Amino acid sequence: MKKIIRITSVILSIALCLVVATGTTVRVKAATPTDILYDGGMYRIRNVATGLYLTAYNGTDANGTNVVQQPLNTSSNAQKWVISWGVLEGFYLYSMCSGNGYGRVLDIARGSSNLANGQNVQLWTSTDATAQSWDIYAGNTSMSAIFIPRHNDNIALCAYGTGSGSTGTSPTSNGNVFMRTYNETDKYQQWYLEYLGQAPTTPYMTISAMTTKFPTDKYWNHGTAANNPNGYTSAACTSHSSCAYNGSCGCNSYESSIQCVGFVKKLSYDIYHDSYLTGNWLKSYEQSYLENVRKGDIIYRNGHAMMVENVDHSQSKITVLECNYNAKCIIDRRRTINFDTTITWVARSPFLWY
């Protein structure tokens with residue numbers, strides 16, 4: 001019987017399928033393979049049957065790179081994976097050889113077809129939730145896990161043979177990893193997760209640093225001076241009428257956007273050097289996602305964009321950092337919204353904050 005693991009907090013016990021909530025404190029059990037799954041944790045993934053490791057072949061950062069099993073190589077990022085809880089309520093496996101754990105993900109090569117037995121796995125840009133989001137089940141081997149695509153629970157990630165894989169992509173290529181009909185007793189479908197620590201990539205600036213860069217109650221505008229997206233003034237905008245996206249009315253402009261959208265684009269660049277419009281930000285249109293929103297995510301509601309600055313689960317409230325909510329380009333970080341607030345979409349940041 002499948003026992004599903006769904007993350008609702010920072011830490012999850014694979015052995016017991018029990019949520020362990022520790023707030024902002026992360027505690028690691030001394031176990032290899034680990035019996036605790038960390039959102040944003042970096043892992044080596046070892047096949048139970050063969051003892052070989054899930055590997056992006058040659059460590060190539062490119063769409064279509066074959067994913068195989070190979071012997072342990074402690075110096076290679078090709079065998080390191082960041083497991084992150086995605087906005088569509090499934091896990092994503094980011095390869096450390098791509099964007100230092102924030103680039104391409106483990107992908108089922110389905111093309112335009114439905115997910116099916118025999119399909120190969122590869123690296124690909126995170127643009128297809130159907131082929132890239134996973135549920136993680138406890139295997140029947142102690143402390144093992146089974147990776148099952150969230151959109152087809154009849155197949156599972158599987159290794160073939162006992163050899164070291166390379167470029168062969170068929171289900172019978174020795175050492176290849178692919179999708180096979182789920183079998184709870186098949187050890188080739190079971191994997192040990194060896195925890196290596198949290199993903200090492202850090203933002204260029206912290207969210208808290210924005211308090212100094214863009215102070216509350218100042219205005220993200222430039223008045224009669226030149227456009228200055230890195231600055232602010234103490235005077236409200238005099239007019240927003242006929243305001244072009246280059247900020248000709250006095251609003252600051254960034255990436256051809258002004259007011260709330262331009263401000264959030266500037267925040268996402270300063271903190272991540274990455275726009276929330278790129279594939280590295282997973283986007284959800286599901287209202288239920290606000291319960292799983294994280295610090296640094298972007299919320300879009302009724303034409304207004306804002307960044308999540310803090311989440312209070314005890315009060316079911318989210319504090320947001322925003323500009324122009326009350327017009328005049330004013331910067332504010334005091335407003336809260338409830339988990340049940342109607343939204344247009346949420347974009348998940350490419351970094352996990354604690």
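Modeller: Gladly! Keep in mind that this is a predicted model. Let's begin with Arg150, which is partly exposed at a relative accessible area of 25%.

Biologist: Why is Arg150 called partly exposed?

Modeller: Buried means under 20% and exposed means over 50%, with partly exposed in between. Arg150 has 25%, so the label for Arg150 is partly exposed.

Biologist: And what makes Asp135 count as buried?

Modeller: Asp135 has a relative accessibility of 5%. That is under 20%, so Asp135 counts as buried.

Biologist: How do you know that Arg150 forms a salt bridge with Asp135?

Modeller: The closest N and O atoms of Arg150 and Asp135 are 2.9 Å apart. The cut-off is 4 Å, so the pair is a salt bridge. Arg150 is in the loop between strand S13 (144-149) and strand S14 (155-159), while Asp135 is in strand S12 (residues 134-138). The pair links distant parts of the chain, 15 residues apart.

Biologist: Why is the pair of Arg348 and Asp297 called a salt bridge?

Modeller: For Arg348 and Asp297 the closest N and O atoms are 3.8 Å apart. That is within 4 Å, so the name applies. Arg348 lies in strand S25 (residues 345-348) and Asp297 in the loop between strand S19 (282-284) and strand S20 (298-301), so the pair ties together parts that are 51 residues apart in sequence. Both Arg348 and Asp297 are buried.

Biologist: What about Asp332 and Arg334: which labels do they get, buried or exposed?

Modeller: Asp332 has 14%, which is under 20%, so Asp332 is buried. Arg334 has 52%, which is over 50%, so Arg334 counts as exposed. The two form a salt bridge, with their closest N and O atoms 2.7 Å apart.

Biologist: How many salt bridges does a search of the whole structure find?

Modeller: The search finds 12 salt bridges. There is also a network of salt bridges linking Lys213, Lys266 and Asp270.

Biologist: Now the rings. Why is the aromatic pair of Trp220 and Phe263 called edge-to-face?

Modeller: Five aromatic pairs are counted. For Trp220 and Phe263 the distance is 5.6 Å centre to centre, with 65° between the planes. The centres lie within 6.5 Å and the angle is over 60 degrees, so this pair is edge-to-face. Trp220 is in the loop between helix H2 (210-213) and strand S17 (253-254), and Phe263 is in helix H3 (residues 259-272). Trp220 is buried at 0%, and Phe263 is buried at 0% too.

Biologist: What makes the pair of Tyr254 and Tyr269 tilted?

Modeller: Their rings are 6.2 Å apart centre to centre, with 45° between the planes. An angle under 30 degrees would be stacked and one over 60 edge-to-face, so 45° makes the pair tilted. Tyr254 sits in strand S17 and Tyr269 in helix H3. Tyr254 counts as buried at 16%, whereas Tyr269 is partly exposed at 33%.

Biologist: How do you know that the charged end of Arg335 sits over the ring of Tyr325?

Modeller: The charged end is 3.6 Å from the centre of the Tyr325 ring.

Biologist: One more residue: why is the link between Gln190 and Ser144 called a polar contact?

Modeller: The side chains of Gln190 and Ser144 are joined at 3.3 Å. Gln190 is in the loop between strand S15 (177-181) and S16, and Gln190 is buried, with a relative accessible area of 0%.

Biologist: And which residues have the most contacts inside the largest nonpolar core?

Modeller: They are Ile45, Phe147 and Leu157, in a core of 32 residues. Phe147 is in contact with residues including Leu93, Trp134 and Trp191. A second, separate core has 27 residues, among them Cys251 and Met307.

Technical notes: Residues numbered from 1 in each chain as written. Predicted model: local features only at pLDDT ≥ 70, side-chain atom pairs only at ≥ 80, totals over all residues. Heavy atoms only, no water. Salt bridge = Lys/Arg side-chain N within 4 Å of Asp/Glu carboxyl O. Helix = DSSP H or I, 4+ residues; strand = E, 2+ residues; numbered from the N terminus. Buried < 20%, exposed > 50% of the residue type's maximum accessible area, 1.4 Å probe, protein only. Core = buried A, V, L, I, M, F, W, Y, C linked by side-chain atoms within 4.5 Å. Contact = heavy atoms within 4.5 Å. Phe/Tyr/Trp six-rings, centres within 6.5 Å; stacked < 30°, edge-to-face > 60°. Lys NZ or Arg CZ within 6 Å of the ring centre and 35° of its normal. Polar contact = N/O pair within 3.5 Å; in protein donor to acceptor, adjacent residues only side chain to side chain. Lists of a residue's contacts leave out its neighbours within four places in sequence.
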